[in-house]
Amino acid sequence: MSLDFSLSMEFDTGGPEPYHPELFSANITSNLGEMADEAGIYTALWRPYELTEDGSFPTAGELIPLLENGLKKLKEDPSYYRQFDSPNGWGMYDNFVPFVEKVLDACKQHPKATVETYI
């Protein structure tokens, strides 16, 4: 299993269906769920709809402080987080940190975009 994380916008162009372009997309193994949970960013990445009262997906801007905090934790204590590396090699700290950096950067570039996740 894996996590597909994306940012998109919806525009009414006057046609029969709204235009829904994807602005960013990234994928990573779900084997990193425990590491993400320990860093406090599991919900932000895997289940962001749990962050809103109505269960809708939040905007990218709403995730920025959570991701910044989690990334800081990850970088401050790599040896602690490496204990959550997957024994089979599919889900490693050295892959997760760049993924979080990339997602955070995309959220900063598109703070009004809607976050969508698929597991």
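Leu 45 touches Leu 3, Phe 5, Leu 67, Phe 96, Phe 99, Val 100, Val 103 and Thr 117, leaving out residues up to four places away in sequence. The model is predicted.

Leu 45 also stands out in the largest nonpolar core, which holds 33 residues. Phe 5, Leu 45, Leu 74, Phe 96 and Phe 99 touch the most other members there. Two or more residues of this core come from each of β1 (2-8), β2 (22-29), α1 (33-38), α2, α3 and α5 (93-109). The largest share, 9 residues, belongs to α5.

Thr 52 sits in the loop between α2 (42-46) and α3 (60-76). Is Thr 52 buried or exposed? Thr 52 counts as buried because its relative accessibility is 17%, and the cut-off for buried is under 20%.

| Partner of the Thr 52 side chain | Distance |
|---|---|
| Asp 54, side chain | 3.4 Å |

Setting aside neighbours within four places in sequence, Thr 52 contacts Phe 57 and Pro 58.

Now the whole chain. The protein has 5 helices and 3 strands. From the N terminus, the order is β-β-α-α-α-α-α-β. The C-alpha trace spans about 55 × 25 × 25 Å along its principal axes. Of the 119 residues, 39% count as buried. Among contacts with a separation of 6 or more, 66% join residues 24 or more positions apart. The accessible surface is about 6800 Å², and carbon and sulfur atoms account for 49% of this surface.

Note on methods:
Residues numbered from 1 in each chain as written. Predicted model: local features only at pLDDT ≥ 70, side-chain atom pairs only at ≥ 80, totals over all residues. Heavy atoms only, no water. Helix = DSSP H or I, 4+ residues; strand = E, 2+ residues; numbered from the N terminus. Buried < 20%, exposed > 50% of the residue type's maximum accessible area, 1.4 Å probe, protein only. Polar contact = N/O pair within 3.5 Å; in protein donor to acceptor, adjacent residues only side chain to side chain. Contact = heavy atoms within 4.5 Å. Core = buried A, V, L, I, M, F, W, Y, C linked by side-chain atoms within 4.5 Å. Areas by Shrake-Rupley, 256 points an atom, 1.4 Å probe, with all protein chains shown as cover.
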